[in-house]
Amino acid sequence: MDSKDRAFRNRTFLSSFKAALSGIISASKHERNFQFHLVSAAIVTTLGFLFSITWIEWLFVCSAIFGVLILELINSSIERAVDLVTKEYHELAKAAKDMASGAVFLFAVYAVIVGIIVFIPKIWNILS
């Protein structure tokens, strides 16, 4: 490993956490879709407390929330890395970006299904 490689490595365990937090903060400030998912997560979490969902329901809701956020971070990372490599249109670059975006979309569909299963019966009970 040469000195260039070492420049990008975290020297301590704490510096790894700082780098991770920096990435999350950066996405929170600059990535519109990540911001949307954070707002959605806050709304769903509030609804979870208002409807007193069970711990099993919390497990599914939390897995949906964190799964979408994690995949959005990965998607943004892939988009940035592809943009770093090429600014010109390339079919493989488009495919990489589209596949990463597709992964977020599929997990977001899962999150919506979880939301429907968890919250619709509770809303229905209030309206009945």
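Visitor: Is Arg80 buried, partly exposed or exposed?
Guide: This is a predicted model. In it, Arg80 has 46% relative accessibility.

Visitor: Which side chain does Arg80 meet in a salt bridge?
Guide: Glu31. The N to O distance is 2.6 Å.

Visitor: And where do Arg80 and Glu31 lie?
Guide: Arg80 is in helix H4, while Glu31 sits in the loop between helix H2 (13–30) and H3. The pair therefore ties together parts that are 49 residues apart in sequence.

Visitor: Glu31, buried or exposed?
Guide: Buried. Its relative accessible area is 16%, and the cut-off for buried is under 20%.

Visitor: How many salt bridges turn up in the whole structure?
Guide: Four. One of them joins Glu57 and Lys122, with the closest N and O atoms 3.4 Å apart.

Visitor: Which helices does the Glu57 and Lys122 pair tie together?
Guide: Glu57 belongs to helix H4 and Lys122 to helix H5, so the bridge links parts 65 residues apart in sequence. Glu57 is buried, at 18% relative accessibility.

Visitor: What about Lys94, what does it form a salt bridge with?
Guide: Asp98, at 2.4 Å between the closest N and O atoms. Both residues lie in helix H5. They are four residues apart, about one turn of the helix.

Visitor: How accessible are Lys94 and Asp98?
Guide: Lys94 has a relative accessible area of 36%, so it is partly exposed. Asp98 is partly exposed as well, at 40%.

Visitor: Switching to packing. At what angle do H3 and H4 pack?
Guide: About 170°. H3 covers residues 32–50, H4 covers residues 55–85, and their axes are 10 Å apart. That angle makes H3 roughly antiparallel to H4.

Visitor: Which residues make the contact?
Guide: From H3: Asn33, Phe34, His37, Leu38, Ala41, Val44, Thr45, Gly48 and Phe49. From H4: Trp58, Val61, Ile65, Val68, Leu69, Glu72 and Leu73.

Visitor: Last topic, the surface. Which residues form a nonpolar patch there?
Guide: Val112, Ile116, Ile120, Ile123, Ile126 and Leu127. Together they have about 580 Å² of accessible area.

Visitor: Where is Ile120 found?
Guide: In helix H5, residues 91–127. Ile120 counts as partly exposed because its relative accessibility is 45%.

Methods
Residues numbered from 1 in each chain as written. Predicted model: local features only at pLDDT ≥ 70, side-chain atom pairs only at ≥ 80, totals over all residues. Heavy atoms only, no water. Patch = residues over 30% accessible without salt bridge, like charges linked within 9 Å, V, L, I, M, F, W, Y side chains within 5 Å. Areas by Shrake-Rupley, 256 points an atom, 1.4 Å probe, with all protein chains shown as cover. Helix = DSSP H or I, 4+ residues; strand = E, 2+ residues; numbered from the N terminus. Buried < 20%, exposed > 50% of the residue type's maximum accessible area, 1.4 Å probe, protein only. Axes fitted to C-alpha atoms, helices over the stretch in contact; angles between N-to-C directions. Parallel < 35°, antiparallel > 145°, perpendicular 65-115°, else oblique. Contact = heavy atoms within 4.5 Å.
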